[in-house]
Amino acid sequence: MNLARLIVAIIAVLPPSLNAQQPAHHSKQVSTQTSESMQKMVGDIFVNGQAYEYDRHLADEIGPRLTGSANYMKAAQWAQRKMQALGLANVHTEIFSISAWEPDGPAIGSITMPFGHELHIYSFPGSPSTPKGGISTKVVHVPGITRAEIEPVQDSLRGNFALVDRQSLPANLVDVDLMQVMPLLEEFGVKGILVGDLLPAPIGHYENGIEDPFTSTPDGSMLKVPTAQIGSEDVQLIHRLMEQGDVTVTFNFKTKIRQSVDVPQVVGEIPGSQYPDQIVLVGAHLDSWHPGTGAQDNGTGVATVLDVARAIEAQQRAPRRTVRFVLFGGEEQGTLGSISYAQHHRDELDKFDAVLISDTGSGPVLGWSTMGRNDEQDSLQAVEPFLHNIGSDRMDNSTDELIGSDHASFVGSGVPALLLSTDLTNYWSIHHKASDTFESVSRQNLMQAVVTTALTAYAIADSEDSFARHFSPYEVRQMFQENGHEAYYLFAKKVGMVP
Ligand SMILES: [Zn+2]
């Protein structure tokens, strides 16, 4: 998940669409034949499931997969070979372009005044390198994110380090608040930016050395001044020391920024037996942040997609519709890969029956999040009896993660899109952190994710009826508004999630 939470300006009201589609009629039971295949599939996943091994390979043999990095490319090649070996049809990659950012070696930094103290530090995503030898100066706290809040301290910020922490941000709209404050700090002439301790307890409250990168620009563009991410307790220490007097800090790192890097997204299919031009898309993002190895964000999602492909293929009874498996890039930079994918497939989107996205780690699976769509909740009743005994039949209609992952790029076009819903209690201690490594992955929970996704995808793809109707642009906007997410809508529109 990229945890995009947003604050943006007002735009003009859209006219109501004239082409709203008729509701789909849905029988809330799968056919006998579909049911037989689904039952066989559960047994196959329990006995032959490979998801845990797929995840191990991604996390421990390939490692962190920053979009566009050599490791990402390696992972894309591996996934493509895997899809071919599984016997999927039409295996290929689709390219989008991005400014690729990576750390070039480790970051170092310390407090130098009032006493020497080593910092837990990473270069912040999108940051340029520091000048050779590093940079040192006084730290000044940023009291808010708006021009009006920052202007009173602009003279003290100029030439110094700006410290952005939880106390700088309203509520917990982390990504969007950062996106808003970074250009202002650059404009006010800061020498560098220190970011950390952004999330409210208990989410962000973890030991020093566990960092929390977020995307800081809405379009994947780069920052202009050296920006460092420091440990949560480091930030709180600096904050307390600043109440006593001046605090100076030094830091030093190199980063690598390459413009217009072609990023492959990996695609494979099981062609439908009756309606091959109708699509059920099962997807996850292949990219990860760098502090950990992305075992849960989103190794588990990728492993789920690949094992669902394996399990459906193993049935040797293709469902009526085509199941298309897609591994996206650039999710952590703002769902850039899936936005590009949806844009390139614009003409085909009306044939997408449903999109199923996996991106919530390896906690116990609860069911699916339907993003405020009651009709989807109704349709899912057909699959619930199959999920009851493994506990993943608790469908959730919350819109909290409306734009939190790649489903958003389809929701915005009115396509019925689901996000796998898991218990997130333990997720925040690894999300985007150095602790997102393979030993934190639960084999049982991962298998539950595969069973849930495979059964749901198969039931939808093999049904005589369509899963749910497509929303018109007017209804999409209404759905965001009715759930109190006008700000999400405006952001989604700005970045192209909503066409
Ligand atoms: Zn993710």
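Modeller: Two strands count as paired if DSSP finds at least two bridges between them, strands being DSSP E runs of at least two residues and helices H or I runs of at least four, numbered from the N terminus. This is a predicted model in which local features need pLDDT of at least 70 and side-chain atom pairs count only at pLDDT 80 or more, while totals for chains, interfaces and linings use all residues. Residues are numbered from 1 along each chain as its sequence is written.

Colleague: Which residue of β6 stands opposite Val 140?

Modeller: Strands of a sheet pair through backbone hydrogen bonds, either parallel or antiparallel. Here Val 140 stands opposite Ala 162, and β5 is joined to β6 (residues 161-164) by three bridges in a parallel arrangement. Strand β5 (residues 135-141) also runs antiparallel to β9 (residues 248-252), with four bridges between them, and Ile 135 has Phe 251 as its bridge partner in β9.

Colleague: In what order do the eight strands form the sheet?

Modeller: The open sheet, mixed in its pairing, reads β3-β2-β9-β5-β6-β7-β8-β4; β3 (117-118) and β4 (121-123) are the edge strands, each pairing on one side only. Helix α7 (residues 232-244) packs on this sheet and touches β2, β5, β6 and β8 (227-230), its direction making about 75 degrees with that of β5.

Colleague: With which residues is Ala 162 in contact, leaving aside its neighbours within four places in sequence?

Modeller: Contact requires C-beta atoms, placed from the backbone, within 7 Å. For Ala 162, the contacts beyond those neighbours are Val 140, Val 142, Leu 157, Leu 185, Val 190 and Ile 193.

Conventions. Contact = placed C-beta atoms within 7 Å. Axes fitted to C-alpha atoms, helices over the stretch in contact; angles between N-to-C directions.
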